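Let's take a walk through this protein together.

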Amino acid sequence: SALFNFQSLMLVVLLTICTCTYLRAQAPALIDRNKTGVMGLFWKAARIGERLSPYVSIACLIMAFQFIMY
């Protein structure tokens, strides 16, 4: 389960951030209309991906390297 394994949890979080950022770039109305509630988490993930994109991409590369090696 991804909740009990830190590496899997980080992978799920990074994939969520990357997916939400990509969806917001392709269809902004899909993400921007839900800024509150549970669906607001996806809006926040998209904002994190936009603002911290160099750090998110470095984290994705580290996780990819770690996934390949272990």
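**A first look around**

Of the protein's 70 residues, 17% count as buried, where buried means under 20% relative accessible area, exposed over 50%, and partly exposed in between (1.4 Å probe, protein chains only). Keep in mind that this is a predicted model: local features need pLDDT of at least 70, side-chain atom pairs count only at pLDDT 80 or more, and totals for chains, interfaces and linings use all residues. Residues are numbered from 1 along each chain as its sequence is written, and side-chain values use heavy atoms, with hydrogens and water left out.

The protein has 4 helices and 0 strands; here helices (H or I, at least four residues) and strands (E, at least two) are DSSP runs, numbered from the N terminus. Its C-alpha trace spans about 40 × 25 × 15 Å along the principal axes.

**Along helix 1**

Now for helix 1, which takes in residues 6–26. Which of its residues are buried? They are L14, I17, C20, T21 and R24. Look down the axis of helix 1 and these buried residues fall within an arc of 130° (taken from the directions from the helix axis to the C-beta atoms), so they line one face of the helix. They pack against helix 2 (28–32), helix 3 (40–51) and helix 4 (53–69), with contact meaning heavy atoms within 4.5 Å.

Turn to the face of helix 1 that points away from its buried side, and you'll find the exposed residues L15, Y22 and Q26. M10, also in helix 1, counts as partly exposed because its relative accessibility is 30%.
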